[in-house]
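Subject: Structure handover

Hi,

Here is the structure I promised you. Please open it alongside this note, and my findings follow below.

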Amino acid sequence: MIGGMAVRSNRKGGRMASATSTDRRIARSKRALRSALIELIEERGLDDVSVNDLCARADLNRGTFYNHFHDKDDLVTTLEDEVISDLERIQEQMKDLTVMDLVRYRMRKQPLPFLVDLFDYLREQGDFLHAITGPGGDIRFAPRLRDSVCANLIQTILHERYRANPTPFVQYYVAFYATAYLGVIEHWIETGMQESSEDMALIAMRLFFIKPGESITL
């Protein structure tokens with residue numbers, strides 16, 4: 001009986017080890033395809049990248065690719081969806097934020113913690129974002145980034161009396177600043193993300209509250 005239990009335990013342990021090994025291989029394959037996609041977009045543009053190109057650059061066979069993705073568009077969409085999903089989780093920190101909270105952080109010249117987290121994450125994804133939002137990338141992604149992240153940020157910063165206001169001015173106000181903040185993110189990425197996440201969080205706040213003629217020092 002004890003021997004039988006030992007055998008079953010070993011078999012279970014073997015299955016777990018095998019599953020872990022498989023998971024690692026899958027993760028390695030997906031990382032390799034992500035890196036290959038980024039490199040190829042930067043070199044020749046997304047439209048001129050094929051599954052064969054991706055497999056050759058990632059040193060994987062086509063069977064491995066099709067085990068994970070239907071086609072090139074599926075790979076791109078999966079990576080984009082992961083970024084949006086991660087950013088939406090970061091934005092959960094905004095839900096209880098009030099205008100008074102923003103004023104207090106501004107008066108203390110302290111960056112909002114969730115903005116620091118946001119720019120930290122954007123930095124982690126900088127290589128992918130540089131490729132996918134660049135001239136050779138996916139033209140559909142920047143609007144998604146604007147609508148899912150920037151517009152939500154502006155809606156949060158708005159005074160409570162305006163957040164549910166359906167008037168055209170409020171809608172244009174949100175659209176104006178959401179597009180502007182997307183431009184800030186894209187400029188930061190395009191110029192090599194030289195500023196720290198803390199500085200970018202402060203810049204994002206100053207851009208929203210700054211008045212004509214006011215000092216531009218952080």
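Start with Cys55, which is in helix α2 (residues 51–58). Helices here are DSSP runs of H or I with at least four residues, strands are E runs of at least two, and both are numbered from the N terminus. This is a predicted model, so local features need pLDDT of at least 70 and side-chain atom pairs count only at pLDDT 80 or more, while totals for chains, interfaces and linings use all residues. Residues are numbered from 1 along each chain as its sequence is written, and side-chain values use heavy atoms, with hydrogens and water left out.

**Cys55**

Cys55 counts as buried because its relative accessibility is 5%. Buried means under 20% relative accessible area, exposed means over 50%, and partly exposed lies in between (1.4 Å probe, protein chains only). Leaving aside neighbours within four places in sequence, Cys55 is in contact with Leu60, Asn61, Arg62 and Phe65. Contact means heavy atoms within 4.5 Å. Ser29 is 26 residues from Cys55 in sequence, and their C-alpha atoms are 9.9 Å apart.

**Helices α4 and α6**

The axes of α4 and α6 come within 10 Å and cross at roughly 165°. That makes α4 roughly antiparallel to α6. Axes are lines fitted to C-alpha atoms, for helices over the stretch in contact, and angles run from 0 to 180 degrees between N-to-C directions. Under 35 degrees counts as roughly parallel, over 145 as roughly antiparallel, 65 to 115 as roughly perpendicular, and the rest as oblique. The α4 and α6 crossing is right-handed. A crossing is right-handed if the near helix is turned clockwise from the far one by less than a right angle, and left-handed if anticlockwise.

From α4, Glu82, Val83, Asp86, Leu87 and Ile90 meet Phe114, Asp117, Leu118, Tyr121 and Leu122 of α6. Arg89 is also in α4 (residues 72–91). Arg89 counts as exposed because its relative accessibility is 52%. Between Arg89 and Leu118 there are 9.9 Å in space, C-alpha to C-alpha, and 29 residues in sequence.

Helix α11 spans residues 197–209, 13 residues in total. From first C-alpha to last, α11 reaches 19 Å, close to the 18 Å expected at 1.5 Å a residue. The expected span is 1.5 Å times one less than the number of residues. Among the buried residues of α11 are Met200, Leu202, Arg206 and Phe209.

The axes of α6 and α11 come within 8 Å and cross at roughly 125°. That makes α6 oblique to α11. Their crossing is right-handed. The contact uses Leu115, Val116, Phe119, Asp120 and Arg123 of α6. On the α11 side are Ser197, Glu198, Met200, Ala201, Ala204 and Met205.

**Aromatic pairs**

How many aromatic pairs are there? The count comes to seven. Rings of Phe, Tyr and Trp (its six-membered ring) pair if their centres lie within 6.5 Å; planes under 30 degrees apart are stacked, over 60 edge-to-face, and the rest tilted.

Phe119 and Trp188 form an edge-to-face pair, 5.2 Å centre to centre with 90° between the planes. This pair links distant parts of the chain, 69 residues apart: Phe119 in α6 (residues 113–124) and Trp188 in α10 (residues 168–190). Both Phe119 and Trp188 are buried.

Tyr173 and Tyr177 form a tilted pair, 5.0 Å centre to centre with 50° between the planes. They are separated by about one helical turn because they are four residues apart in α10. Tyr173 counts as partly exposed at 24% relative accessibility, whereas Tyr177 is buried at 17%. Phe169, Tyr173, Phe176 and Tyr177 form one aromatic cluster.

Best wishes
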